[in-house]
Amino acid sequence: MTRPLPAWMDPLLARLGTARSEDFTPLHTPTSGGRQSAVLVLLGEEPDVGPDVLVLQRAATLRNHAGQPAFPGGASDPEDADATATALREANEEVGLDPATVTVLAELPKLWIPVSDFVVTPVLGWWHRPHPVHPREPAEVAHVARLPVAELVDPENRMRVRHPSGWTGPAFSARGMLVWGFTAGVLATLLEMGGWARPWHRDRIIDLPPTDATPAPSAGTDSADEMADR
């Protein structure tokens, strides 16, 4: 049975009507070129928990970005009709998500990741008929979780992370995951737009362990680099 859109989503949907790429990143998205890709930002709701968002964690054995949380998503295939088709296909391939259980709400502004030249379209969806999901390729995806919005906005779970390159960006700690980079940047903006964000200590900064990637100072870094390896 399809569930109607919950009232808590109304402020976010109203705000998205005027959303621009500048709301998510200071980088200008090129009008042409770039490697097209998409991610699925899937909002759901659980009894006694409230709103949540679906996030996967990459396998620890991956060559790049091992163990990092991310939205389901990846590079567009030639047969994909649009960004929505890419996001839903990738979510099905990665975690077994049934596209028929998702109500697509909006394609958010395209975000450019200069380090990989990916142009990423976040696709916002409502999980109107949730079902169990799991890693379909354990060599690539180690874990799938629904992160409660209440935990993401808890000031104790918010911080900024500093990459060895000097790049600093937003981060969240929830359900044993440290969410940063592209994923955290998009989440932080959507939480503000939805009116869910709470004041937090922006001077709380932690260091990331060294990686072989140098992120750009934008909303997206980790997801785009991982897509470049596909």
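Me: In which strand is Thr121 found?

Reply: In this predicted model, Thr121 is found in strand β7, which covers residues 118-127.

Me: What makes the pair of Thr121 and Lys110 a polar contact?

Reply: The side chain of Thr121 lies 3.2 Å from the side chain of Lys110 in this pair, and the cut-off for a pair of N or O atoms is within 3.5 Å, with one atom able to donate a hydrogen and the other to accept it; the pair is therefore listed as a polar contact.

Me: Where does Leu54 lie, and why is Leu54 called buried or exposed?

Reply: Leu54 lies in strand β2, and its relative accessible area is 1%; since buried means under 20%, Leu54 counts as buried. Leaving aside neighbours within four places in sequence, the residues in contact with Leu54 are Leu42, Phe71, Pro72, Val95, Trp127, Val133, Val144, Ala145 and Arg146. For one of these, Pro72, which is 18 residues from Leu54 along the chain, the C-alpha atoms are separated by 8.1 Å.

Me: How do you know whether Asp48 and Arg175 are buried, partly exposed or exposed?

Reply: Asp48 has a relative accessibility of 85%, and exposed means over 50%, so Asp48 counts as exposed. Arg175 has 48%, which lies between the 20% and 50% limits, and Arg175 is therefore classed as partly exposed. Asp48 sits in the loop between β1 and β2, whereas Arg175 sits in the loop between β10 and β11. Each is a residue other than glycine with a positive phi, near 65 degrees for Asp48 and near 50 degrees for Arg175.

Me: What places Gly185 in its accessibility class, and in which helix is Gly185?

Reply: Gly185 is in helix α4, and its relative accessibility of 8% is under 20%, so the class is buried. Gly185 and Phe172 are 13 residues apart in sequence, with 9.9 Å from C-alpha to C-alpha.

Me: Which residues touch the most other members of the largest nonpolar core?

Reply: They are Val53, Leu147 and Leu190, within a core of 37 residues, and the largest share of this core, eight residues, comes from α4. Leu190 is in contact with Leu12, Leu16, Phe24, Val41, Leu108 and Trp196, once neighbours within four places in sequence are left aside. A second, separate core has 17 residues, including Ala38, Leu56, Leu88 and Val95. As a general background, nonpolar side chains in soluble globular proteins tend to be buried together.

Me: What makes the lining of the second largest cavity nonpolar, polar or charged by class?

Reply: The lining consists of Val41, Leu43, Val53, Val149, Leu152, Leu187, Leu190, Leu191 and Trp196. Val, Leu and Trp count as nonpolar, so the tally is nine nonpolar, no polar and no charged residues. About 60 Å³ of space lies in this second largest cavity, and α4 gives the largest share of its lining, three residues.

Me: How many helices and strands does the chain have, and what percentage of its residues count as buried?

Reply: The secondary structure comes to five helices and twelve strands, and 51% of the 230 residues count as buried. Among contacts between residues at least 6 apart in sequence, 70% join residues at least 24 apart.

How values were computed:
Residues are numbered from 1 along each chain as its sequence is written. This is a predicted model: local features need pLDDT of at least 70, side-chain atom pairs count only at pLDDT 80 or more; totals for chains, interfaces and linings use all residues. Side-chain values use heavy atoms; hydrogens and water are left out. On a 1 Å grid over the protein atoms alone, a cavity is a set of points where a 1.4 Å probe fits but cannot get out, and a pocket is an open set with protein on both sides within 12 Å along at least five of seven lines; lining residues have an atom within 4 Å of a point. Grid points are joined across faces, edges and corners, and a volume is the space filled by probe spheres set on the points. Helices (H or I, at least four residues) and strands (E, at least two) are DSSP runs, numbered from the N terminus. A nonpolar core is a set of buried Ala, Val, Leu, Ile, Met, Phe, Trp, Tyr and Cys residues joined through side-chain atoms within 4.5 Å. Buried means under 20% relative accessible area, exposed over 50%, partly exposed in between (1.4 Å probe, protein chains only). Contact means heavy atoms within 4.5 Å.
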